[in-house]
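Subject: Model for your review

Hello,

Please find the model below, followed by notes on what was found in it.

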Amino acid sequence: MSIEKVQARIKELEEEYLEILKGLVRQKSISTEDIGVRECADLLKGIMEKAGIDTAIYETGGQPVVYGEVKRENSESITILFYGHYDVQPPEPLDKWDSPPFEPGVRKGRIYGRGTGDNKGQLITHVLAVKTYLETLGSLPVNVKFLFEGEEEIGSPNLIPFVQKHQELLKADLVLTSDGPMHESGAPLIAFGVRGVMNFDLHLKTASTDNHSGNKGGVIPNAIWEMVEFLSTMKDEKDQVLISGFYDDVVAPTAYERELINNLPYDPDRLATVYGVDKIHHEKEDFYSRLLFKPTLTINGIRGGHIGEGTKNIIPCESTAKMEIRLVYDQEPEDLINKVKDHIQRYNPSIRLTREEEDMRPSKTSAELDISKAVIRSVEQTFSEKPVVYPGMGGSLPDYVWTKVLGVPSIMIPYANADEANHAPNENLKLDCFYNGIHTSARIIYELGKNL
Ligand SMILES: [Zn+2]
């Protein structure tokens, strides 16, 4: 079978591919400090061109995007868009590294260096899969596109504008992202969505100054009590948010998603230890339904009054609560903020709401699409092991760039080991993970090339 030829060739070329990764890691590309990022874009472009990929550098308002594609003549073919980032975190603290961060070295089956796991070692697997495929079989059974950005580590400020501007160029049937770690058990992991996140502050001022709690106690309002009372109107003791319409757009898990949840590993005692709590009070399905399919309203902090040493008998005049909502599909930040404002009008119109952070919308791709099933199958065949499939994830990533802005299904398959130490000293990538990544990307290309 053709894919076997590709897999065999990847095995033969392991050393050469490791050298390509080393070259990429050697080139600094620290976006926070604007060191070497452009040079890294040029280097990556050269590697992609040598792999047989038509590559171009696109300017953005910040660091450039490296874009590449291999097109088939048959316009019916599926198009995969691979996304990754070639910028890296600063390496500090340098004295905590066992070897210099930009001089990649291999020890005990791992390559060490800044960017080995996050994300150079992962994005290059897609390029190398395409390279091997083209060299071995002459053509791909799908169209592929690559979007590698240089600003992920500073929050991708130009990604959405870029995607909006280049909708036609980026048109695809599927976006694939390999970033972050595999499951901690070592099993491959696939994720089909993320929660969104939005933050806002609630401010309350009940007097122009703090007042003497004896001289005026009982006759003027206390800003902290009023804030606490207001907060208690937002949620009940069963953790149900009481803001009117809060759950209106929440989409419940499908039967298949519930099945996926039930296949997820679950060890409540171990989790309790990791989280530092006495006990996890939820059964498996409830635990994951809450984590992946339910929004939360969280008080991140409350400020006000006297919290220093000793006593200070005052009636505080000011209080601030820092709040966060984790949104699930298909909630929209603007809609929710209006609902919060309505709640304020109803219960305490003196409260003022402000927002500083940018919102991240939730994102979801159905794991039941043919394309999704083909990806799951590819991963399973590569690893000869069932992947851990998350129908969503508790955390937040800007995945909506693909599903909502570009309007394309998006699947995340991290290739790095769970202890990759991304953003930390001694960042590393297991060589097995690196090579398995190349095999997985090649297998996905092969599977999606069959008529789905
Ligand atoms: Zn990172």
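How much space lies in the second largest cavity? About 40 Å³.

This is a predicted model, so local features need pLDDT of at least 70 and side-chain atom pairs pLDDT 80 or more, while totals for chains, interfaces and linings use all residues. Residues are numbered from 1 along each chain as its sequence is written, and side-chain values use heavy atoms, leaving out hydrogens and water.

The zinc ion has as protein donors Asp-118 (OD), Glu-153 (OE), Glu-153 (OE) and His-423 (NE2), at 1.9 to 2.7 Å (donors are N, O and S atoms within 2.8 Å of the metal, or 3.2 Å for Na, K and Ca; water is not among the atoms, so sites may look incomplete). Along the chain the donors are spaced D-x34-E-x269-H. Asp-118 is buried, at 5% relative accessibility, and Glu-153 is buried too, at 12% (buried means under 20% relative accessible area, with a 1.4 Å probe and protein chains only).

Searching the whole structure gives 2 cavities of 30 Å³ or more (a cavity is a set of points on a 1 Å grid over the protein atoms alone where a 1.4 Å probe fits but cannot get out; lining residues have an atom within 4 Å of a point). The lining of the second largest cavity includes Thr-60, Glu-149 and Phe-162.

Regards

Methods: Buried means under 20% relative accessible area, exposed over 50%, partly exposed in between (1.4 Å probe, protein chains only). On a 1 Å grid over the protein atoms alone, a cavity is a set of points where a 1.4 Å probe fits but cannot get out, and a pocket is an open set with protein on both sides within 12 Å along at least five of seven lines; lining residues have an atom within 4 Å of a point. Grid points are joined across faces, edges and corners, and a volume is the space filled by probe spheres set on the points.
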